[in-house]
Structures are given as C-alpha cells and as structure tokens.
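Here are my notes on the model, point by point. Please read them with the coordinates open.

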Amino acid sequence: MLKPFIAVLLMALVTYLPRVLPLVLFRKEIKSTFIKSFLKYVPYAVLGALTFPDIFDSTGDYITAIVGTIVALFLAFREKSLVIVAVGAIIAVYVTGLII
Amino acid sequence: MVLSMTSEELQMFNQKQFTYGFRKGLPIAFGYIPVSFTFGLMATRGGLPVWLTIFISLSNLTSAGQFAGTELILTGAGLFEITLTTFIINIRYMLMSFSLSQKIESKINIKQRLIFGFGITDETFTMASLKQGKLSYAFMLGLITGPIAGWTLGTAMGALVSEALPLSISNAMGIALYAMFIAIIVPPSKKSKPILFIVLLSVLITILLKYIPVFSFISGGFRIIIATILSACAGAIFFPDKEETINNSEEATAC
C-alpha cells in the first residue's frame, strides 16, 4: 500500500496548491470589469463542463442515466436542495434499472 | 466597522459569522454524503483499504479530482500520470481561489488563508461567491466545516458497507456527483440569461472536444479547462459586470 499512499499524498498536494496559491499571492483588488465578470462565471462554466456529457456514462447504462439526468434537471429546476436532487436521481436510476 | 469594536464584540461578531457560514455549509454537507458514499464504495470495491479510502477524502476533499486519481491508482497507473491528471482537473480551483482573493476581507492573514483555502470546493466556492459583501475568516471556517465532515463521513460509510451493497444500487449511485452539480447550476441558470448562456456554451465546447476526432488527443481534464476558459471569457465579453443578476440567485442556491 506504499505506492497508493504516496499517490494519495501527491494528489492531496496538487489539490491543495491551486486552492491556496492565488489566495496567498493576490492581495490587491482587481479593477478590471472583464476579469471580475470572468471570475464570476468560472464556477458555472466548470460545473457545466464536468457534468455534460459525462453524466450519461455514470451509471453503466445510457437509458438509466438519461432518466436520472431528467429527474435531476426537473428537481433542480424546482429548486430542491442538493440532497433531494442527488437522492432523487439515484432512486430514478435504480428504479429504471429494475424496470428495463 | 470592525475596527471600532471591543474584543468582546469582535468575538460575538466572529461567532455569528461562523454560525452563519456553518448554516450555509449544511446543505452542501448533506449533499456530499451520497456522493462521497459512492466514492467510498468505488475505492474499496476496487481494492483499497478502508483507512486509505477515508484518508483520500480527508486529505483531498474534492470530487472529480479524487475520483479520477483513485481510478488511476486502481488501474496501476504511474505516480506522474496520477499527479498530473489530478492537478489538471484541479486547476479550476486556482480560478476560484483567485476569485475569492478578491472577495475576502483584506485583513485576513496568510496563515488564515492557508487554513480556510483547504476547504475551497466547487460547492463552498459557489456558496461563498453568492454571499453579499466581503467574506470574513470566521464565515469561511464555518462554511467549510460541515462539508469536510460530510465528505469524510459519507466516504467512511460507503467504504464500510461496500461488501454488503448490491451492484445495482452502487451503479445507481454513480449519478450522485453529477446530480449535485446539476442542483448547483440549474437555479441560477433559470434566473440569469448570461449564466444559462455560459453553461450551455461550456457544455457545447466539451461535447465538441470530446466527439470530434481531431480533438481526441485532448484529455478529459484539459477539455474542462478549455471549455471553462473559453465560455467564461465569452460571458465576460458579452455580459460584463452583471453583478446584480448573480447576487439575485443567492436564495435559490442557499436552500
């Protein structure tokens, strides 16, 4: 288990550094409207790219994944909490898997 | 305003800020449980010991990066490949950290930055950036406490029950991570056209890079970086400084 353990330490390091370096290095306020707007939009862009299309490969079956995605989108559109959306999608995938 | 407070008033203010942050972090903490549960399942099913699986969540505290890194560990990939892939997926945290560096109170010192920075995730960042006004150190500490506990606890539960759980359930749980991302991006996209545009553009770019054969040399991590930079740039060009639109969506994501 030594190699996996070292791998995990390295993963932790390259996860921690991007989180703290900008916080430590940039202490002045940015005035540029462009940069400010860009930074505000980053999380939405990242999460969109992380979710689609990979969500369709997440359950081992396209049909169950599509049903789960539709349920997640519907619940999120109704502004349900993180837990409800996650659990709702899991149940939808599981039930669809039982039916097909 | 803080300068004129006595030390007792300051402590009260800090406690309030911590509690407020903690409450904002609770929905994230609960949302993390099914996702980290899935991670615990996946890692121990793959052959990692329970302690290492829990240690991954505690030390990495990230979704996409540790899922990818752990899969590589399980397939026997080299240390360099594991580290580089994880790093590339996590580069997005630099953008978030950079953004937060503009939003936190400037008096927060380096040691405090090194501490609360550990807890920046897609979800805590989104919550922090949607909060009105400057962010205090106490608020940030409160915000990250629940999610760290939820992420670790969920992993431990998944790792411990993995033998007992049928495959059909663990397959279904694979969607949890993505469902959580959907829960974060849909409400603001509903209220703000610029955000909807940016999300759709980012997805479109990712799909093009993934399925057009010319781009097949671009790995998954780089696809996400390219899509993020291009679409957030397009957003900044076409919809500059839409401060109000974004802040309006606070209530939606908060509950």
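1. Helix 4 of chain B buries Ile82(B), Thr83(B), Thr85(B), Thr86(B), Ile89(B) and Asn90(B). Buried here means 20 or more other C-beta atoms within 10 Å of the residue's own; exposed means 12 or fewer, partly exposed is in between, and C-beta atoms are placed from the backbone. Seen down the helix axis, these buried residues fall within an arc of 165 degrees, so they line one face. The arc is that of the directions from the helix axis to the C-beta atoms. An α-helix has 3.6 residues a turn, so residues three or four places apart point the same way.

2. This is a predicted model: local features need pLDDT of at least 70, side-chain atom pairs count only at pLDDT 80 or more, and totals for chains, interfaces and linings use all residues. Residues are numbered from 1 along each chain as its sequence is written, while chains are lettered from A and ligands numbered from 1 in the order in which they are written.

3. Length check on helix 4 of chain B (residues 79-90): its 12 residues should span 16 Å at 1.5 Å a residue, and the end C-alpha atoms are 16 Å apart, which agrees. The expected span is 1.5 Å times one less than the number of residues. Helices (H or I, at least four residues) are DSSP runs, numbered from the N terminus.

4. Chain A has a mean pLDDT of 91, with 100% of its residues at 70 or more. pLDDT is the predictor's confidence in each residue, from 0 to 100. Within chain A, helix 2 (residues 33-51) is lowest at a mean of 86, and helix 3 is highest at 97.

5. Helix 2 of chain A bends by about 35 degrees at Tyr41(A), and Pro43(A) follows within four residues. The bend is the angle between axes fitted to the seven residues ending there and the seven starting there. Of its 19 residues, 15 are buried, so helix 2 of chain A is largely enclosed by the rest of the structure.

6. What do the buried residues of helix 3 of chain A pack against? They pack against helix 4 (82-99) of chain A together with helix 10 of chain B. Among the buried residues are Val67(A), Val71(A) and Leu75(A).

7. The contact between the chains takes 92 residues from chain B and 66 residues from chain A. Contact means C-beta atoms, placed from the backbone, within 7 Å. Helix 10 (residues 176-191) of chain B gives the largest share of the chain B side, 13 residues.

Notes. Two residues are in contact if their C-beta atoms, placed from the backbone, lie within 7 Å. Helices (H or I, at least four residues) and strands (E, at least two) are DSSP runs, numbered from the N terminus.
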